[in-house]
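Okay, thanks for coming, everyone.

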Amino acid sequence: MSTIACAACTAVPPVQEIPPVDSDLQFSLPGIHCAACIATIERGLAGVSGVRDARVNLSLKRLSIKGSISPENVEKAVHDLGYDIYPLDANTLKGSEDLAGKDLLMRLGVAGFAMMNVMLMSVATWSGAEGATRDLFHLVSSIIAVPVVAYSGQPFFKSAAKALRVARLNMDVPISLAILLATGMSVYESVSGGHHAYFDAALSLTFFLLIGRYLDHRSRSAARSAATELAALEVQTSQRVVDGRVETLRTTDLAVGDIVRVAIGARVPVDGQLISDHALLDRSFLTGESRASDADQGEVLQAGSVNLGPPFEIEVTQVAQDSTLRRIADLVATAESGKNSYTALADRAAQIYAPAVHLLALATFLGWWAFTSDIRLAMNIAIAVLIITCPCALGLAVPAVSTTAIGRLFKAGYLVKHATALERLAQVDHAIFDKTGTLTVPHVTLPDTLTPTQKQICVALAQSSEHPIAKALAQQESDIPPAAITDIVEHKGQGLAAMVEGETVKLGNGRWLGASFHGLGFAQGSQPAVALNVDETLRTGARDALDGLTIPAEIVTGDVPDRAERLERELGVPVTALASPEYKHAHIQAETSRGRRVLMVGDGLNDTIALASAHASIAPATALDAARNAADVVLLKEDLSELPLVLAIAQMSTRLSVQNFCIAAAYNCVAIPVAIAGYATPLAAALAMSFSSITVLLNAQRVRFKT
Amino acid sequence: MNVLVVLIPVSLVLGGLGLAAFVWSLKAGQFEDDQGNAQRIFIDDQ
């Protein structure tokens, strides 16, 4: 019923509101997977007023909307269609378009075109064309090949030049050398009326290596776009204080002079001057120093700092996008260059490998020249050795697997923030779950015994907290206007205290309020605390996740024992109650010292230390900013049921990396002696080399089909 | 063999047309959502 009502109200244009300006909105749709989803969403939105064009991109799991409609209305409409939707910051996404991929594809297309035509021409030569005809074909071939090699080979040349400039050797140096030598020698042969030209070899080498490069880029860009999306999700909204009321708006809509409230555990969204008396900040993002730092009234706080203390307010001094961009760069860098130990090993191998390849090719050339006095033959064999030995497959072995796995997990709704996270996930043998907000979702009811003013105070207190129960309360009772409260202090793991008209008001757990009950309560002045009934329901898929795990699991929670026991009976998993943040951390360290590798799944500020100290960690998208930052993997959708799949994919990708190393090594062991003996022609070498790269890349794709 | 003078340019022009079509489709963004395009054929017309 609510679906119909809501669809109707979104269909009616809000009369009192000024219609938003025509804009381009971007959303993340982690739950879509098929044609039916595309059709449902696109058709559903086509009927919503203000939407001019709605287009779903299944590969990126994104929705782009053109038209004059507010993001909230789109979210509501899509939510009513039954899909999870998260708004994305258009400015953050801007420039994340896959230009490099397009560029590679273009070079690949051009190389393919040239290769086909030149191969066609060379058929004439191989089947016996002579004299002027052969020279004509060679000439036409060189006219096609030379500019194409110059254009399509650029990714290799640039990378090789970059390495040479700092006096180092990488994979692209032998590749570039082989392409340039083959082309240069063929031009010389054509001009001097020689019998054989190897333009087709040079072009097919370029073409096949570009295929490998493009496939690699595609699996990498999945991780890159995930990182960008994460950044776009993070500093999405800010809380602006207007006339004592807190309103949520997009960070990009903030103006200089606005007052912004920064909740506990949240990041400072923009640079601003501290208005509150005091603030406690984690500036590790900016300074690399993880120690908490103090700030006093009037100090300018940089965007990106995390609030560790009570909520404070800042006056916006700068709305520049610099800080946001810096953070994206940071996340992308983590996803891209966070190479795991296997990759580092491959890189180190390349440092030894590249000089060895050049020496081997040079020795082959000199050897054949000395024995046969045929400089042309010696050159051919040397080029074949160069092509055969470029260890592309060796270099692709790990990144191909990890980036494909990251792409696969992204499809399942998990954003992998760190490349080494997969390897660490593959090693975990013990799982610790947080309860509240991770396995369960809260539901709070305000009893009728509270006066309307008290309800307003409750809502005001709840709004100042990032605690999931408080958030749930603030969201449920959003109709109640919050009361004006001052001097808000959050007591970690206990509750919130504030002042209203000279009286202390508190929202927190019963023990802290001095009451006889353990659950959430509200106290005003010296009056006895009132218990607020907090119910909880299991998050979707929580049971499936726990049942599907092959490693032992336990739940560690800060909650009261009776509810913990209820959950223990319900799920059949050991539960530890009344755990403090320090206990969680100490518990993980104790398990680690016993030789276990712990997976932490949690969402709150009290889990942040645990998330950071565990061997691997996962946080839901609804988690605190601080927790999301500490976690290796962020779960984008509500459903937890695919958690065992994450571990299975991580294990499979480690296995595939090892397999790929073996394939690449075995290939080189066989091919090098054949090439040195002179049995590999440049064309055969180019084909064989590319096949080994493609075998490794295709082997990596197997992780896609893991279910 | 004089026919080659005609045939070579013809084959190059035809190949060039194919390349031009590829460049156009790339610029028009047809390679941006390969999975979506693969699924869209299952959507019934309304």
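**A walk through the model**

Let me start with one pairing: A:Met600 has A:Ser617 as its bridge partner in E26(A). Before I go on, please keep in mind that this is a predicted model.

So, the strands around that spot. E25(A) pairs with strand E26, residues 616-620 of chain A, in the parallel sense, over 3 bridges. E25(A) also pairs with strand E15, residues 430-433 of chain A, again in the parallel sense, this time over 4 bridges. In that pairing A:Ala431 has A:Leu599 of E25(A) as its bridge partner.

Staying with strands, have a look at A:Leu635, which lies in strand E27, residues 633-635 of chain A. A:Leu635 has 27 other C-beta atoms within 10 Å, so it counts as buried. Leaving out neighbours within four places in sequence, A:Leu635 is in contact with A:Gly413, A:Tyr414, A:Ile618, A:Pro620 and A:Ala621.

Now over to another sheet. This one is open, has 4 strands in the order E2-E3-E1-E4 of chain A, and its pairing is antiparallel. Strand E2 (51-57) and strand E4 (86-88) of chain A are at the edges with a single partner strand each, so one side of each has no neighbour in the sheet. From one strand to the next the twist averages 30°. If you want a pair to click on, A:Gln26 stands opposite A:Ser64 in E3(A).

Two helices lie across this sheet. Helix H2, residues 35-46 of chain A, lies across E2 and E3 of chain A and runs at about 170° to E2(A). Helix H3, residues 71-80 of chain A, lies across E1, E3 and E4 of chain A, at about 40° to E1(A).

Chain B has 2 helices and 0 strands, and 2% of its 46 residues count as buried. How many residues does each chain put into the contact? Chain A gives 19 residues and chain B gives 20. On the chain A side, the elements giving two or more residues are H2, E2, helix H5 (99-126) and helix H6 (131-152). H5(A) has the largest share, with 9 residues. By class, that side of chain A has 13 nonpolar, 5 polar and 1 charged residues.

On to the inside. The largest nonpolar core has 113 residues, and those with the most contacts inside it are A:Ala178, A:Ala202 and A:Leu203. Helix H24, residues 643-676 of chain A, gives the most to this core, with 11 residues. A second, separate core has 25 residues, including A:Cys458, A:Val459, A:Ala498 and A:Leu532. Going back to A:Leu203, and not counting residues up to four places away in sequence, its contacts include A:Ala111, A:Met115, A:Val118 and A:Val149.

What does H24(A) pack against? Helix H13, residues 375-389 of chain A, packs with H24(A) at an angle of about 175°, and their axes are 9 Å apart. Over 145 degrees counts as roughly antiparallel, so that is what we call H13(A) and H24(A). The contact includes A:Ala384 and A:Ile388 of H13(A), with A:Ala671 and A:Ile672 among the residues from H24(A). By class, the contact divides into 7 nonpolar, 2 polar and no charged residues.

A:Ser373, in the loop between helix H12 (341-372) and H13 of chain A, has a positive phi of about 55° although it is not a glycine. Is A:Ser373 buried or exposed? It counts as exposed, because it has 9 C-beta neighbours inside 10 Å. A:Glu501, in the loop between strand E18 (495-500) and strand E19 (503-509) of chain A, has a positive phi near 45° and is also not a glycine. With 11 C-beta neighbours inside 10 Å, A:Glu501 counts as exposed.

Conventions. Residues numbered from 1 in each chain as written. Chains lettered and ligands numbered in written order. Predicted model: local features only at pLDDT ≥ 70, side-chain atom pairs only at ≥ 80, totals over all residues. Pairing = 2+ DSSP bridges. Axes fitted to C-alpha atoms, helices over the stretch in contact; angles between N-to-C directions. Contact = placed C-beta atoms within 7 Å. Buried ≥ 20, exposed ≤ 12 C-beta atoms within 10 Å, placed from the backbone. Nonpolar A, V, L, I, M, F, W, Y, C, P; charged D, E, K, R; others polar. Core = buried A, V, L, I, M, F, W, Y, C linked by C-beta atoms within 7 Å. Parallel < 35°, antiparallel > 145°, perpendicular 65-115°, else oblique.
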